[in-house]
Amino acid sequence: MRITFINSLFIGFILLQNCNSPETNMSATDQRVEDLLKQMTLEEKIGQLNLYNGTWDVTGPAPAEGDSKEKYDNIKKGLVGGMLNILTAEATREAQELAVENSRLGIPLIFGYDVVHGYKTMAPIPLAQAASWDPEVARKSNEVAALEASSAGVHWSYAPMIDVTRDPRWGRMMESPGEDPYLASRFAEAWVDGFQGEDLANPHTLAACAKHFAGYGFVEAGRDYNSADISLQTLYNISLPPFKAAAKAGVATVMNSFNEIAGVPATGSELLQRDLLKGDWEFSGFVVSDWASVGEMITHGFAGDDAEAAYKALKAGSDMDMEARVYERALGKVINDGQLDVSLVDDAVRRILKVKFDLGLFDDPYLYCDSEKEQNNLLTPDNLAASRDAAKKSIVLLKNKNNLLPLKKSGSIAVIGSLAESKDIPLGSWRAQAVTNSAVSLLEGIQSAVGTNAQVNYTPGYTLTEGLRSFTTELNIVTEDKSGFAKAIALAKSSDVVILAMGEDCWQTGEGRSQTSINLKGSQEDLLKELLKVNPNVVITLMNGRSLAIPYLAENAPAILEVWHLGSEAGNAIADVLFGDYNPSGKLPVSFPRNLGQVPIYYNHKNGGRPVPDGGNTVFWSHYTDAPNTPLFPFGYGLSYTNFEYSDFKLSKNQMSASETITVSVMVKNSGSVDGEEVVQFYIRDHVGSVTRPVKELKGFQKILLKAGEVRTLKFEISQETLSYYRLDLTFGTEPGDYTAMVGGNSEQVLSAGFELR
Ligand code: BGC
């Protein structure tokens, strides 16, 4: 049955739309929210705070079997605010009908889903997108994802994930924009913009959800769901900036996180949610808990029972309870007993209703339930083209000895490594509704790039995993298998060049998939050693969702392309770069350690008291005895098929007051013979502070295309904003003193000059 009846309330609301209330300065939407709120019982209000899982995906402990009937009845009674994991225009229409046509007030449900890097058409994993250093890649990828997901009935995406992280053991590094708060902030804005566009009521946009608030990227030892114990300065200056940027960009919702920080679970943190986010940052959207995190406060040992968990979570500012059903069970009693004022419930309900109004759901609850659109908007040639464009821009060239790359589309090419034939692994581990095995494999990409001009032969060489591979099963990694070596060695010997795919299965990464080792698994490296004995021209394509420790590759393989998990068009995009149809332009958004023992390793570290050996003292300084302090590849690093030279680094003056600015300029020349893009990075160092400052902090970047031989002068501005940070007293501002400005093509190789803030 399609809609036959629109609750008379809607008509009233439609009439009110777009006029300001005569009595107050309230916007028309706010007025509509207030009018509705007045009609709601406490039970119905608490219902709006209740987010149920649907039947599609389970991303946490599964709800008890057979509870769907109860859930459906509750929707009809108006006791549910939204659902997650319910998909397709048809199914969302059916669920929406339950609410709109049966409940007393006919309040529409909001439907959420993890649209993390695409819906059907997969974009590169977020970490890879960040490697493009091109926020337009992020914006466009989410615009496509929004078009697809909204056409399948989804209103609300649980993304962007903007947890800054320094720990590759953590499986969720693949979802994150990496180790730097500035880069993450620019990507946060672009991701939000891509989802939300100009107008949330446009049925091709989604409400975004910045997650996980906050500190989740710092889970101890990289183990998922673990505690985070970081200083307030690290929280404010490293974890929070992307969230502040997302809030400023108008993100509609924020998701809190599973972890505790300094003994307080994020879900119960008033400091984070009420004081900072809703207070200082004036965030007007709503906060959703992470899956069951309201209830998990009991397991954390922060609440004794449901009532205490409900009390603490709502008081702290967690507006919507995702699948813990603690608000449903206990919040009514907490309010009726007078432990919390109902105004807190009202505030949460207001925020949720406002987003529903902004999405246009009160004007047409079925706005997003259009099966025809769903048929037409998924996996279109345009969507795939955007994915390929994003993918090629996300690839990072790590090594290219004697310009082995780009390859010629001729001769004999050996493609080796089981990852090369996978049509599934490139889809990544937050793959939403991507069809299994639907990506263009590396092998297919190479074959279609060279056509009949070159002879392409493939053999798997090693086996990486065996058995079931899926979102909800543990992966079985094959550790010792050399049965395919002989064939691979013979093929390498008889070929002009070898393309060896190495790396990780996508199911080694993602939620719940932390690892204690970041080395290449199985027999991959042993195979590489054998291949190098018979053919020196080995190009590695490294598919992975985290920074890996690859010292042997870095030392011995002549060429390495970091290709991450690049999504639906992975193979085509990698071939674009391998054969020089696209000149690689990505730069690392995370440092690559030499070994796990260096972790956490990140470019914006502190100087410490003993950073270098002092005179004859070779022991008592901050270092390891078995490895250097430096990473294998630093943050911001990436090569091109051309070279860029930096010169004429100048500051417009060497002193400024807080109200003044200094212009930094640098000349960048493409000194090679092909056109190429360079990411010009601008860093500063604040030498002395009320708290110690990092040795370097990214403060700007520009990605530019320079023709072969072209020279361009680039400018960056240093203002009070550039130099502000959360100081000892946690106020945001500057401190006078000496600074260094630096510009370069990565975080280690920079030109620099000093200046003073008076
Ligand atoms: C994850 C969130 C996700 C949610 C809903 C949780 O387990 O931490 O990132 O949005 O599930 O799927």
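Modeller: Helices H18 and H22 are oblique to each other, a term for angles that are not under 35 degrees (roughly parallel), over 145 (roughly antiparallel) or 65 to 115 (roughly perpendicular). The model is predicted, so local features need pLDDT of at least 70 and side-chain atom pairs pLDDT 80 or more, while totals for chains, interfaces and linings use all residues. Residues are numbered from 1 along each chain as its sequence is written, and side-chain values use heavy atoms, without hydrogens and water.

Two packed helices are described by the angle between their axes and the distance between the axes. The axes of H18 (residues 442-450) and H22 (residues 570-578) cross at roughly 55 degrees and come within 7 Å. Axes are lines fitted to C-alpha atoms, for helices over the stretch in contact, with angles from 0 to 180 degrees between N-to-C directions. Helices (H or I, at least four residues) and strands (E, at least two) are DSSP runs, numbered from the N terminus. The crossing is right-handed, meaning that the near helix is turned clockwise from the far one by less than a right angle.

From H18, the contact (heavy atoms within 4.5 Å) involves Leu442, Gly445, Ile446, Ser448 and Ala449, and from H22 it involves Gly571, Asn572, Ile574, Ala575 and Leu578. By class, these are 6 nonpolar, 4 polar and no charged residues. Ala, Val, Leu, Ile, Met, Phe, Trp, Tyr, Cys and Pro count as nonpolar, Asp, Glu, Lys and Arg as charged, and the others, Gly among them, as polar.

Turning to the sheets, an open sheet of 3 strands runs in the order S5-S6-S9 with parallel pairing; two strands pair if DSSP finds at least two bridges between them. S5 and S9 (286-288) are its edge strands, each pairing on one side only. Neighbouring strands here are turned by 30 degrees against each other on average, direction ignored. S5 and S6 (residues 253-256) pair over 4 bridges, and alanine 210 has valine 254 in S6 as its bridge partner.

The loop between S5 (209-213) and helix H9 (232-239) holds asparagine 226. Asparagine 226 has a relative accessible area of 13% and is therefore buried (buried is under 20%, exposed over 50%, partly exposed in between; 1.4 Å probe, protein chains only). Not counting residues up to four places away in sequence, asparagine 226 touches Val219, Glu220 and Asn259.
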